[in-house]
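Q: I am new to this structure. Please take a close look at a single part, the metal site, and then connect that part to the rest of the chain.

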Amino acid sequence: MKTLITNIGELTTNAPAPEHAEGGDDLCGTMHDAAVLIDGDRIAWVGPAAEAPDADETVDAEGRALLPGFVDSHSHLVFGGDRAAEFEARMQGQKYAAGGIRSTVAATRAATDEELRIRLRGFLDEMLAQGTTTVEIKSGYGLDVVTEERLVRLAAEVTPEVTFLGAHVVPAEYADRGDEYIALVTGEMLDACAPHAKWIDVFCETGAFTVPQSRRVLEAGIARGLQPRVHASQLGPGEGVQLAVELGAASIDHGTYLTDDDVTALAGSETVLTLLPGVEFSTRQPYPDARRLIDAGVTVAIACDTNPGSSFTSSMPFCIAVAVRDMRMTVAEAIHAATAGGAAALRRTDIGRIAPGLRADVVLLKSPSRVHLAYRPGVPLVEAVWKDGVRAV
Ligand SMILES: [Zn+2]
């Protein structure tokens, strides 16, 4: 089955120098009056609409914008309960602390697989409707062997990008016994979870895990064939970024408080810095300065970090708008970070761009330009979504 999407007013390919692109330093590899041919689950052809090949079905984009599906490389979608009251209190002045995670843990342990699955699928539906075609999902609200295994297993039903985050915080029953909990995470819990996961993650932060503890977790995961990624420098500066770079992590996520040495280390590495604008928005923290990172040569991604505590948005367009408004990214940089950047953060080369041979994950907007994603915050602008070549929205 071949589908031709034609009469595309503005095509964002993210290809460095597509044959017919405008060239120069255009990060988005923009083409106008373009067409894209989908064959099966792959992109088969990209070029001027006037030269488009034949297809079984033709979709007229009516001059609107088409871009790669968003790659959301950081989320926590398998959990029970709700923390609206905590959010409301925070907006009235209460400070965000890592310990709030424990209230979600109790609700998650009490939920059945089916309850968690229904909720998870609901989040995925709302993400797809907002243009997200790839989602990474972390565990981390079980914090015991049985529940963590359930969370990674449920996540693996819906995405290949599953992250074992048993080291999210120390659960209440291990209070003041952090090292004993780390022994559980790197032993029995890792044994149960590794078969369902691709990634190992740790929350390396005051109130969560120390740098030596984080190193133990990541090295144990690597020894089991998992690839590292790290939550660090969200609430204050620390050595988590240096650890991530040293261990070759695909991504360090948050990075709100970075030293000049952190920025230099990231710029000289393959590690992506994943910015999570919804977190600063929802916790009323200062925003990281993306301008400083990009100008230093750091590869950045944007993700939602959808979770019940610190960022309960699932909207990549919203995060793009905030990144442009408050992190000093250009619109092109923010859109690139939400697509190709997310793919880099997941070490994926088959998504995040529109080029022959890549997965046919594309989003058609209701608007003539991708700029509208930041220019019209909060407005539902997604007209249609193809995921693996199938019209999903
Ligand atoms: Zn997170």
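A: Start with the zinc ion. Four residues coordinate the zinc ion: His74, His76 and His231, each through NE2, and Asp305 through OD. The distances run from 2.0 to 2.7 Å. This is a predicted model, and every value here is computed from it.

Next, the geometry. The angles among the 4 donor atoms range from 77 to 169°. The ideal angle for four tetrahedral donors is 109.5 degrees. To count as tetrahedral, a site with four donors needs all angles between 85 and 135 degrees. The site of the zinc ion is classed as irregular.

Now the sequence. The donor residues follow the spacing H-x1-H-x154-H-x73-D. Histidine 74 and histidine 231 are 157 residues apart, and this pair links distant parts of the chain. Histidine 74 sits in the loop between β6 (70–72) and α1 (84–91). Histidine 231 belongs to strand β11, residues 227–232. Both histidine 74 and histidine 231 are buried.

Stay with the loop between β6 and α1. Phenylalanine 79 is also found in the loop between β6 and α1. The structure has 7 aromatic pairs. One of them joins phenylalanine 79 to tyrosine 141. Their ring centres are 5.9 Å apart and their planes meet at 70°, so the pair is edge-to-face. The cut-off matters here: planes over 60 degrees apart count as edge-to-face. Tyrosine 141 lies in the loop between β8 (137–138) and α4 (145–156), 62 residues from phenylalanine 79. This pair, too, links distant parts of the chain. Phenylalanine 79 and tyrosine 141 are both buried. Ring pairs also build a cluster, made of Phe79, Phe123, Tyr141 and Phe312.

Another aromatic pair sits elsewhere in the sequence. The rings of phenylalanine 281 and phenylalanine 318 have centres 5.0 Å apart and planes at 85°, so this pair is edge-to-face as well. Phenylalanine 281 is in helix α9 (residues 277–283), and phenylalanine 318 is in helix α11 (residues 316–326). The pair therefore ties together parts that are 37 residues apart in sequence. Phenylalanine 281 has a relative accessible area of 44%, so it is partly exposed. Phenylalanine 318 is partly exposed too, at 22% relative accessibility. The limit for buried is under 20%.

Go back to helix α1, at the far end of the loop that holds histidine 74. Alanine 84 is placed in helix α1. Its relative accessibility is 45%, so alanine 84 counts as partly exposed. Compare its position with that of glutamine 242. Alanine 84 and glutamine 242 are 158 residues apart in sequence, and their C-alpha atoms are 35 Å apart in space.

Aspartate 361 gives another view of how the chain comes together. Aspartate 361 lies in the loop between α12 (331–345) and β15 (362–365). At 4% relative accessibility, aspartate 361 counts as buried. Its C-alpha atom is 5.5 Å from that of aspartate 388, which is 27 residues away along the chain. Beyond its neighbours within four places in sequence, aspartate 361 has contacts that include Pro68, Gly69, Thr133, Thr134 and Asp388. Ile351, Trp386 and Lys387 are also among these contacts.

Two backbone details deserve a look. Most residues other than glycine have a negative phi. Aspartate 33 has a positive phi, near 50°. Aspartate 33 is in strand β2, residues 30–39. At 54% relative accessibility, aspartate 33 is exposed. Histidine 254 also has a positive phi, of about 95°, although it is not a glycine. Histidine 254 is in strand β12, residues 251–254. At 2% relative accessibility, histidine 254 is buried.

Finally, step back to the whole chain. The protein chain has 13 helices and 17 strands. Its radius of gyration is 21 Å, close to the 21 Å that the globule rule gives for 393 residues, so the chain is as compact as a globular protein of that length. The C-alpha trace spans about 65 × 45 × 45 Å along its principal axes. Of the 393 residues, 58% count as buried. Among contacts with a separation of 6 or more, 71% are between residues 24 or more positions apart.

Definitions and conventions: Residues are numbered from 1 along each chain as its sequence is written. This is a predicted model: local features need pLDDT of at least 70, side-chain atom pairs count only at pLDDT 80 or more; totals for chains, interfaces and linings use all residues. Side-chain values use heavy atoms; hydrogens and water are left out. Donors are N, O and S atoms within 2.8 Å of the metal (3.2 Å for Na, K and Ca); water is not among the atoms, so sites may look incomplete. Four donors count as tetrahedral if all angles lie between 85 and 135 degrees; four count as square planar and six as octahedral if opposite donors are over 155 degrees apart and all others between 65 and 115; anything else is irregular. Helices (H or I, at least four residues) and strands (E, at least two) are DSSP runs, numbered from the N terminus. Buried means under 20% relative accessible area, exposed over 50%, partly exposed in between (1.4 Å probe, protein chains only). The radius of gyration is taken over C-alpha atoms; the globule rule is 2.2 Å times the number of residues to the power 0.38. Contact means heavy atoms within 4.5 Å. Rings of Phe, Tyr and Trp (its six-membered ring) pair if their centres lie within 6.5 Å; planes under 30 degrees apart count as stacked, over 60 as edge-to-face and the rest as tilted.
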